[in-house]
Amino acid sequence: MRWMTDRNYVLIGFMGAGKTTIGRVLSRRLRLDFKDTDALIESKTGYTISDIFAKYGEDHFRELETEIIAQLAESLSNTVLSAGGGLPINKNNHSYLKKIGKVVYLRVSSETVRRRLQNDTTRPLLRGSAAEVNERIEHLLKERDPIYKALADKVIQVDALSVAEIVSRIIAE
Ligand code: S3P
């Protein structure tokens, strides 16, 4: 039912792009709810994302993501959803993301990701020495960027923009 999904936004993009920060501000501005797939997975399982990766592996985490996004596609309305950075990489999730609402890709450079996440301990994919992490960021970003772009209804290069500017661009038709 199209009318149910008219007021949903889905934010996609790489770790550190600002999906959660932007999503919260956007939701307040438009008086919508805010949801985050990582937070939903954590509250459903009772484990942190890092614990899930460590105990059950990445493949299991990806299954949980697909379960959650399939459920959300049936139920969300009046919501801004922040999708975990790897969720759009699984093609099976594309129809769910599209069904939920307007998909906005917050596009970020590897330099910005490096700067923002250099002291982060919550992303299991970005563990290791600085050199390893930098290489992983470059590799994943290159691999994922075309996928995010192809899926998005709107692409915003966020590096040089303030939160307020990004929110305005999302809202602008
Ligand atoms: C991941 C991104 C994370 C989280 C997990 C894996 C990824 O979410 O789902 O660590 O594969 O890019 P954020 O994009 O919210 O950091």
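**Exercise 1.** State why Arg62 and Glu65 are separated by about one helical turn, and describe how their side chains pair.

*Solution.* Arg62 and Glu65 are separated by about one helical turn because they stand 3 residues apart in helix α5, where a helix is a DSSP run of H or I with at least four residues, numbered from the N terminus. Side chains of opposite charge can pair when their charged atoms come close. Arg62 and Glu65 form a salt bridge whose closest N and O atoms are 2.9 Å apart, the term meaning a side-chain nitrogen of Lys or Arg within 4 Å of a carboxyl oxygen of Asp or Glu. The structure holds 9 salt bridges.

This is a predicted model, in which local features need pLDDT of at least 70 and side-chain atom pairs count only at pLDDT 80 or more, while totals for chains, interfaces and linings use all residues. Residues are numbered from 1 along each chain as its sequence is written, and side-chain values use heavy atoms, with hydrogens and water left out.

**Exercise 2.** Determine which helix gives the most residues to the shell around the ligand, and how the shell divides by residue class.

*Solution.* Helix α5, spanning residues 58-75, gives the most, with 3 residues. The shell divides into 6 charged, 5 nonpolar and 3 polar residues, Gly being counted as polar.

**Exercise 3.** Find the distances from ligand oxygen atoms to polar atoms of Arg62, Arg144 and Gly86.

*Solution.* For the side chains, a polar atom of Arg62 lies 2.7 Å from a ligand oxygen, and one of Arg144 lies 2.6 Å from a ligand oxygen. For Gly86, a polar backbone atom is 3.2 Å from an oxygen atom of the ligand.

Technical notes:
A polar contact is a pair of N or O atoms within 3.5 Å; within protein, one must be able to donate a hydrogen and the other to accept it, and residues adjacent in sequence count only if both atoms are side-chain atoms. Helices (H or I, at least four residues) and strands (E, at least two) are DSSP runs, numbered from the N terminus.
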